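Me: Could you walk me through this one while I have it open?

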Amino acid sequence: MTRPTVRPGWSALPQRRPPRRRPAIAALRVPISRRAGAVLAVASIAVPLVAWWIAAVAISDPQTLPTPVAAIRAGVELARSGALLTDTWASVRRVLLGFGLAIALSVPLGLLMGSFRAGWSLFEPVIGLLRYLPAASFMPLLIAWLGLEEAPKVMLIFLATFFFNTLMTADVVRGVPMNLIDVSYTLGARTGEVVRKVIIPHSLPGMIDAIRVNAAAAWGFVVVAELIASDSGLGYRINRAARFRHTDDMFAALIVIGLIGFAIDIMLRVTRDRVGRWV
Amino acid sequence: MSGRGALELVDVGKRYEGGVTALDRISLRVERGSFVSIVGASGSGKSTLLSLIAGLSAPTSGTVLLDGHPVTGAGPDRGLIFQQGAVYPFRTVERNVAFGLELLPRLSRAERRTRVDWYLAETGLTTLRKALPRQLSGGQRQRVAIARALACEPEVLLLDEPFGALDVQTKEDMQVLIRQIWADTHITAVIVTHDVEEAVFLGQRVVVLGSHPGRIVADLPVPLGDDRDLSTKRLPEFLALRAQVEDLVRAFHAAA
């Protein structure tokens with residue numbers, strides 16, 4: 001093979017004008033000032049809130065769209081009557097049961113799948129398939145099988161979160177570097193010790209991240225279950241308010257649903273940051 | 001027969017599924033307390049060789065003997081240092097070093113502590129004992145890995161390109177450190193590296209591997225004595241051997 005010795009005399013490469021320097025706010029990944037950050041964060045909440053307010057005033061029909069103040073007043077009223085607390089607890093309890101069961105089973109299963117190739121080969125195909133069956137479509141079946149009490153609602157939340165949490169946990173576990181596992185063997189660790197002292201602590205922050213993502217789904221599906229068939233819970237409260245055209249009550253329930261979801265998220269984020277201080 | 005503490009490879013071969021031969025009939029004897037460098041280009045199977053000695057994978061032919069007993073799996077009698085990243089990110093420096101000791105049932109907390117303290121001091125990590133790995137430099141992390149392996153009091157320390165990811169100055173500091181540790185602990189040390197200078201500086205012997213398949217093509221004594229420092233790298237004997245080994249590595253590196 002001969003190499004060319006002289007570069008041919010091509011025409012000059014076309015030129016582009018040099019790019020202008022962009023302000024931080026429009027530059028990729030460039031940090032913005034604290035003040036700009038704070039202003040944007042406030043605007044993030046305030047702008048939609050104001051838009052809601054303006055729309056409500058413009059429509060001026062509380063049965064279609066109540067103002068934020070009317071919604072909050074309705075919420076206070078519901079709280080005073082005790083209905084809000086009862087409904088909130090009913091929903092939270094279902095999530096604790098259904099999602100708690102999903103965590104209790106999916107974390108060990110995900111650990112098994114992520115740690116042993118045999119576990120992966122045995123469970124990944126079936127779980128990968130089942131997770132694409134929309135959980136909500138099981139609701140009529142669950143009612144037929146389990147009745148109208150708590151069981152079908154808890155089960156729906158379980159179905160909606162179990163498969164995803166299993167696969168996400170398995171992925172986190174599979175992400176433990178092989179070097180770390182190998183070096184543990186050379187330090188005298190046995191298989192069970194590697195799982196307990198290396199794989200689990202290394203995976204813990206990622207497992208909590210998975211739980212955080214699926215907690216949002218769990219919280220969403222309890223409302224779905226209660227909208228379909230229930231005589232308690234925040235979803236039931238929305239249904240009931242709709243029947244009587246109490247739109248302000250619906251908005252009050254929505255706000256409470258949003259706030260509780262937000263609180264769950266913050267709680268899990270704080271836990272994750274504490275557990276994953278080493279990351 | 002092999003004597004006490006010697007590491008011996010007898011006709012060791014490794015074929016992967018699919019028929020690629022990584023190592024072909026490697027026979028090598030490493031005396032107790034000696035320091036052997038294994039040098040070769042990529043594709044010479046040098047990391048595979050070390051994982052066979054460590055017991056992390058099994059040879060497809062031949063045997064690895066330690067103290068005359070065949071190696072059947074990984075164990076704390078053969079410490080292994082990887083190129084990078086094999087410290088536990090969720091453990092502080094001192095708890096990394098304590099890992100192997102925590103697994104031993106009849107070692108008191110006080111005894112564990114004494115030992116951890118000694119190895120932290122030996123590797124210059126005492127002031128960093130409470131630090132997490134993410135707060136450490138690459139060189140400091142390798143010190144943790146070394147201290148952690150040594151704490152198990154292995155008979156053999158296996159080093160797999162341990163300083164390949166470090167900058168040149170840090171790498172040289174680490175080379176001096178590993179020579180000191182070797183002198184202080186009378187451990188048997190085997191390092192694999194593609195860095196010929198490193199191989200000659202560290203080893204009492206340099207074993208050269210050829211590529212595709214990995215096989216021993218030369219086994220040269222290093223005529224430098226055991227009292228070495230960085231100025232040793234400027235001695236004519238050093239430079240001559242380095243040049244000789246470099247030519248061998250090149251000659252047996254299948255054209256890439």
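**Charges, fold and cores of chain B**

Reply: Chain B carries 30 positive and 30 negative side chains, with the centres of the two sets 6 Å apart. Lys and Arg count as positive, Asp and Glu as negative, while His and the chain ends are left out, and each charge is placed at NZ of Lys, CZ of Arg, CG of Asp or CD of Glu. This is a predicted model, in which local features need pLDDT of at least 70 and side-chain atom pairs pLDDT 80 or more, whereas totals for chains, interfaces and linings use all residues. Residues are numbered from 1 along each chain as its sequence is written, and side-chain values use heavy atoms, without hydrogens and water.

Me: How many helices and strands in chain B?
Reply: There are eight helices and 10 strands, taken as DSSP runs (helices H or I, at least four residues; strands E, at least two) and numbered from the N terminus.

Me: And what share of chain B is buried?
Reply: Buried residues are 53% of the 256 in chain B, where buried means under 20% relative accessible area with a 1.4 Å probe, counting protein chains only.

Me: Which residues have the most contacts inside the largest nonpolar core?
Reply: They are B:Val200 and B:Val245, in a core of 51 residues; such a core joins buried Ala, Val, Leu, Ile, Met, Phe, Trp, Tyr and Cys residues through side-chain atoms within 4.5 Å. Helix H5 of chain B (residues 138-151) gives the most to this core, with seven residues.

How values were computed:
Chains lettered and ligands numbered in written order. Buried < 20%, exposed > 50% of the residue type's maximum accessible area, 1.4 Å probe, protein only.
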